[in-house]
Amino acid sequence: GHDPVGEYQTEISGNSIFQSTIVPGASFTMGGISIATGNGYVIDGNFIGGSAPGATGNPWTTSVPGAIRFVGMNLASGVVTPTEVTNNYIGNFSWNASSSASAIPGLWAGIYLSGGSFNVGTHGGNQIGSDTGNDNIVVTTTSSSNVPTSFGIVTTTSGSGTLDISNNRIGSISVTNIYNMVSSGHRFTGMLLQYGGFNVRNNLIGSEITPQSIRASNSQSVGS
């Protein structure tokens with residue numbers, strides 16, 4: 001992925017970040033684009049997911065489940081000039097893990113904002129998954145120790161800055177826990193914003209035409 005540090009008005013655009021080899025299960029966090037500091041980035045028109053350019057081909061997947069987490073965009077920016085996050089696509093995933101991560105940014109997250117000022121979709125919406133069909137993103141865990149959480153867009157609780165989150169689409173996402181236990185589960189939150197002043201407008205979470213676009217389940221069964 002991309003990991004610039006501290007350059008003012010850096011542009012990250014038109015990239016395809018995808019899986020060329022199946023990811024083995026392990027205890028680490030993978031991601032697509034990460035920035036750590038600086039002001040006024042432009043992150044536009046990138047594709048994250050799949051096994052070919054444009055997030056096409058087979059889903060980006062893991063082989064043997066491990067405590068592996070994924071964050072499509074892990075972004076920290078300054079507060080002087082907002083970073084623009086526009087027209088990006090994150091999708092085509094089949095993610096398998098044993099992680100019980102419930103703390104932010106969770107087991108799987110599309111966009112994670114860990115501080116700073118951002119316009120996410122303000123001048124061109126981002127898409128996480130699809131607004132039609134089912135199972136564009138499938139996140140499966142085998143956690144028995146906790147109830148993990150996955151997110152579409154999520155922020156830290158301790159950041160500062162202003163947020164404009166507009167025109168984004170999040171859907172066709174299924175999360176499940178296949179550990180057969182009453183207390184097991186897997187939560188999904190489309191959008192969780194927890195710092196700064198923010199405007200949230202014209203976003204779509206789910207689908208206007210596909211039933212059960214977002215699904216959360218476990219495989220718990222009860223017998224005697």
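Biologist: Why is Phe-93 called buried?

Modeller: The relative accessible area of Phe-93 is 1%. Buried means under 20%, exposed over 50% and partly exposed in between, with a 1.4 Å probe and protein chains only as cover, so Phe-93 counts as buried. This is a predicted model, in which local features need pLDDT of at least 70 and side-chain atom pairs count only at pLDDT 80 or more, while totals for chains, interfaces and linings use all residues. Residues are numbered from 1 along each chain as its sequence is written, and side-chain values use heavy atoms, with hydrogens and water left out.

Biologist: What makes Trp-60 buried?

Modeller: Trp-60 has a relative accessible area of 3%, and therefore falls under the 20% limit. Over the chain of 224 residues, 51% count as buried.

Biologist: Why is the pair of Trp-60 and Phe-93 called stacked?

Modeller: Rings of Phe, Tyr and Trp (its six-membered ring) pair if their centres lie within 6.5 Å; planes under 30 degrees apart count as stacked, over 60 as edge-to-face and the rest as tilted. A search of the whole structure finds 8 such aromatic pairs. For Trp-60 and Phe-93 the centres are 5.3 Å apart and the planes 20° apart, so the pair is stacked. The two residues are 33 apart in the chain, with Trp-60 in strand β6 and Phe-93 in strand β10.

Biologist: What makes the pair of Phe-70 and Trp-95 tilted?

Modeller: The distance is 5.3 Å centre to centre and the angle between the planes is 55°. Phe-70 lies in strand β7 and Trp-95 in strand β10, 25 residues apart. Both Phe-70 and Trp-95 are buried.

Biologist: Which residues do ring pairs link into a cluster?

Modeller: The cluster holds Trp-60, Phe-70, Phe-93, Trp-95 and Trp-108.

Biologist: Which face of strand β10 is covered?

Modeller: In β10 (residues 93–97), Phe-93, Trp-95 and Ala-97 form the covered face, and Ser-94 and Asn-96 the uncovered one. In a regular strand the side chains alternate between the two faces of the sheet.

Biologist: How do you know that β6 and β10 pair?

Modeller: Strands are DSSP runs (E, at least two residues), as helices are (H or I, at least four), numbered from the N terminus. Two strands pair if DSSP finds at least two bridges between them. Strand β6 (residues 60–61) and β10 have 2 bridges in the parallel sense, so they qualify as a pair. Thr-61 stands opposite Ser-94 there. On β14 (residues 137–141), β10 pairs in the parallel sense over 5 bridges, with Ala-97 opposite Thr-141.

Biologist: Why are β3 and β19 called edge strands?

Modeller: An open sheet of 5 strands has the order β3-β7-β11-β15-β19, with parallel pairing. Strands β3 (29–35) and β19 (187–192) are its edges: each pairs on one side only. Within this sheet, β7 (residues 69–75) and β11 (residues 108–113) share 5 bridges, and Val-71 stands opposite Ala-109.

Biologist: What is the order of the open sheet of 6 strands?

Modeller: The order is β1-β4-β8-β12-β16-β20, again with parallel pairing. The edge strands are β1 (11–13) and β20 (197–201). Strands β12 (residues 118–120) and β16 (residues 162–166) are joined by 3 bridges, with Val-120 opposite Ile-165.

Biologist: How many helices and strands does the chain have?

Modeller: The chain has 0 helices and 22 strands.
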